[in-house]
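This report describes how the parts of a protein model are arranged and how they meet. Please examine the structure below before reading on.

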Number of protein chains: 2
Amino acid sequence: MIVETQTVRFDSISLDGGATLAPVDVAYETYGQLNAQKSNAILVLHAFSGDAHAAGIGPENGKPGWWDNMIGSGKGFDTNKYFVICANVLGGCRGTTGPSSINPATGCPYAMSFPVITIGDIVRLQKMLVDWMGIPKLLAVTGGSMGGMQALEWAVSFPDRVVSAIPIACTTRHSAQQIAFNEVGRQAVMADPDWNAGNYYGGQPPARGLAVARMVGHITYMSDDSMRAKFGRRLRGKDTFTYAFDDVDFEVESYLRYRGGRFVNRFDANSYLYITKAMDYFDLTSGHRSLAAAFENVTARFLVISFSSDWLYPSYQSQEIVRVLRSRNCDVAYVELPSDYGHDSFLVDVAEQAELVRGFLASTFEKIA
Amino acid sequence: MIVETQTVRFDSISLDGGATLAPVDVAYETYGQLNAQKSNAILVLHAFSGDAHAAGIGPENGKPGWWDNMIGSGKGFDTNKYFVICANVLGGCRGTTGPSSINPATGCPYAMSFPVITIGDIVRLQKMLVDWMGIPKLLAVTGGSMGGMQALEWAVSFPDRVVSAIPIACTTRHSAQQIAFNEVGRQAVMADPDWNAGNYYGGQPPARGLAVARMVGHITYMSDDSMRAKFGRRLRGKDTFTYAFDDVDFEVESYLRYRGGRFVNRFDANSYLYITKAMDYFDLTSGHRSLAAAFENVTARFLVISFSSDWLYPSYQSQEIVRVLRSRNCDVAYVELPSDYGHDSFLVDVAEQAELVRGFLASTFEKIA
C-alpha cells in the first residue's frame, strides 16, 4: 500500500523558549479510516531519527515505514479498526519545520538561528494537527524512545484529549549517561569543520561528524548479546588480519561505517543537535513538585512496555513511571518483554508487543464505546 | 617520593605482523628494591591511555602515578617488600617507541608508516626489559583492562617466567560491542581533517576528533549509577535552561568536554589508533584449538578480579577465564568486587582490591620462598 506524506501549514506556534515560529509546516501520514464518532484515532509518535512515514510503502523509495510491522491490516495497530496518524516532529528534517527550513524573514535556511525546541513544543504542534483534523480525543498516544516521552507529555499536558497512552522503552527524564551519549553525538557533529556553525546548506554537510554521531547511537541501540549474535569477531572479507590501517578488519566495523554513512543522506545535522537537546531538556517533573504531582490530572489508562536487554532506556526508568502512576491510583499495566535486541527491540522484535497493544487497544475502545 | 621515568634502548624487535622496529625505546619506572634472589619483582601493566608513571610523584608535573593508590609503602603492591616495574607500551606516546617516534630511516615521525602492533608484541618488548634487568621470573604480572590482557598474554606466552598473574577487569578477546566502541573512537580521530592521514606532527593535531573519541571512552569507563551520583541532571553555572546552543547546559556535558580537551594534551592521536587496534586484535585463543588449549602450559597461579558495575568489561568475561583455568586444574581465585564506579573501579575504588592483592602476593611469595 503506497502512502504519501502530506503537509499542513499553520500560521504560527509559540515555543517554550519564548520564540514564535511563523509559519510552521507539519508533515504527516494517516492509515485506516476515522470513524463517524471520531473515536478511533491513534497518534503514533516517532523516535529520534524517525519521520512521518510510519507504515505502508513510500512512493519515493518504495520503503516500508519505520513501524510497518506494528501498523496495518490485522497488525498491533489494526488499520481495519483504527485511524492511525504519524507526524514528523518539530525541528525535524522530513517535512516538518526545522533548522533546514527556509526562514521567511531572511529567505535562507534557519540553520542555528532556529529557536531551541522542547518535547512540549513538539507535542503542542501535534495537538494543532489533531485539532485541525477535528479529532476531539485520541484513543491512544504511543511511541518508543523519544516517541514514548511525547506520549507521556501528551497524557500530562492534554489529559482531556487522551484516552490511553502506550509509552515504550522511554523515561520521564534523561539520566546523566543518556545526556552524555547525546552530548558526544553533538560534539562529533560540531567538531566537523564542514558543520561551519550550522551554515552548510547548499554546501558540504558535516558528513563525517554526523556519521560518527550515528555510530555511537547505533551501539547504544543494540545490546552486547545482539551484537555478538550479529557480528561476533567475524572478519570482513578476509580470513586473517592484514595489519593495514586503511582496511576494515571486523564486520562490526564495516556495519557501523555503513550505517553512519547512510544516515548522512537522510538526516540533517542541525536537526540532530536540536532534537537531541529537546530529549535532554525533557523532564516531566519540571514545573511540578514531583513526578506524582505531574501526573495529578492524568486520566488516561496506561500500558507501559520496556525490554529486558535495553541498556539505553533501562527497565528501571519505565518501572518508575508505573510506580508513580500506581501511587496515584491510575489504571496502568506494565510489561517488561524479554528480548535480546536492546533498545531497538520496540522496532524489530515486535510479536509480543503487537499482541499486548492489540489487547490493550481493544479493551480501551470497549470502555469508551 | 619523586620518581623519574627512565628509558632503555634495544637494537630491534620483530613484530607479529612481520615488520621489524629498530631501534626500540622502552620508558619505564621502578619502585622498591629488587632483592638479592631477584624473586620479588612485579610487572604492572597499564591500561589503554596509561604510561610508565604508575606510582610516586612525577618530576615534571608533580602528579601522582595512575595506580599510586595501589603501589607504595604499605599499599596493595607494598614497595617495602616488592620491586615494582611499569613500562609504557609499544605504540605508546609516553617514552616508548610509537607512531610519534622518529623513524631513523627517514628522520621523520613514523606516523601511519608505524607497523601494526599486537598485545603479543607489547608483551615481548616488556620481556626484553625484564631480561635486561636480569630478572629470571616475575613474582606477578598484573593490570586492569588492557593491562589485564597483557597479564594473560604473559602467563600464556612465557609460562616459565611468571609465578602469578592478577588480570583485573579484562577479557581474553574483545566482544563486538567492545570493538564497536573502539572503532567509533578511531573514526572520530580519522574524521578530523587535522588528522591528515596521520601526518600532523609539527602542525595542528586532530584535537577535536581525539576529544570526541575520549568522550565516548569516558562514558564507557563510568556506570549509569556513578554518572547519576556525580552529575545527575545538575545544570552548569545556571538555574534554568538558557535555550542557547553555544552554551553548556548540564554538568555532565561540561565534564566530558573538559576530559576530552585535556586528553589531547597528553595523548597522541596515532597512538590512539594503533593501541585500540592491538586491543581489538587480541584473542588469547588464536593459534590454539580453544581457550583451554591456550592455557595448556600455564603454570602461574591466578587472582582474577572483576567489578559488579563494569559494563565495558562485564564480569562474565572474567568468569570465562576462571572457568577455563579451573577446567585445566589451575590455581585460580576469583572475586567480583561490588562497586558503583564501572570500569574505572580498578583505578578509583581500590580498598578491597588492595587487600585481595596483598594477601594473594604474600601467599605467592611464601610458596616460592
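## Domains of chain A

Domain bounds come from an automatic or database domain assignment. The model discussed here is predicted. Chain A is divided into two parts: domain 1 covers 6-174 + 282-368, and domain 2 covers 178-276. Taken over C-alpha atoms, the centres of domain 1 and domain 2 of chain A are separated by 26 Å.

## Where the two domains meet

In chain A, 33 residues of domain 1 are in contact with 29 residues of domain 2. Between them, the two domains of chain A bury about 2,500 Å², and 64% of this area lies on carbon and sulfur atoms. On the side of domain 1, the residues that lose the most area to domain 2 of chain A are Phe48(A), Met112(A) and Trp311(A). Together these residues account for 28% of what that side buries.

Which kinds of interaction are counted between the domains? Between domain 1 and domain 2 of chain A there are zero salt bridges, whereas twelve residue pairs are in polar contact, both residues being at pLDDT 80 or more. The residues of domain 1 of chain A that touch domain 2 comprise 17 nonpolar, eleven polar and five charged.

## Relation between the two chains

Two copies of a chain are related by a rotation about an axis and a shift along it. Here, chain B is superposed on chain A by a rotation of 180 degrees with 0.0 Å of shift along its axis, at an RMSD of 0.0 Å. The two copies are therefore related as by a two-fold rotation axis.

Of the interface residues of chain B, 100% are also interface residues in chain A, so the copies meet through the same surface.

Conventions: Residues numbered from 1 in each chain as written. Chains lettered and ligands numbered in written order. Predicted model: local features only at pLDDT ≥ 70, side-chain atom pairs only at ≥ 80, totals over all residues. Heavy atoms only, no water. Contact = heavy atoms within 4.5 Å. Buried area = accessible area lost by both parts, 1.4 Å probe. Salt bridge = Lys/Arg side-chain N within 4 Å of Asp/Glu carboxyl O. Polar contact = N/O pair within 3.5 Å; in protein donor to acceptor, adjacent residues only side chain to side chain. Nonpolar A, V, L, I, M, F, W, Y, C, P; charged D, E, K, R; others polar. Least-squares fit on C-alpha atoms with pLDDT ≥ 70 in both.
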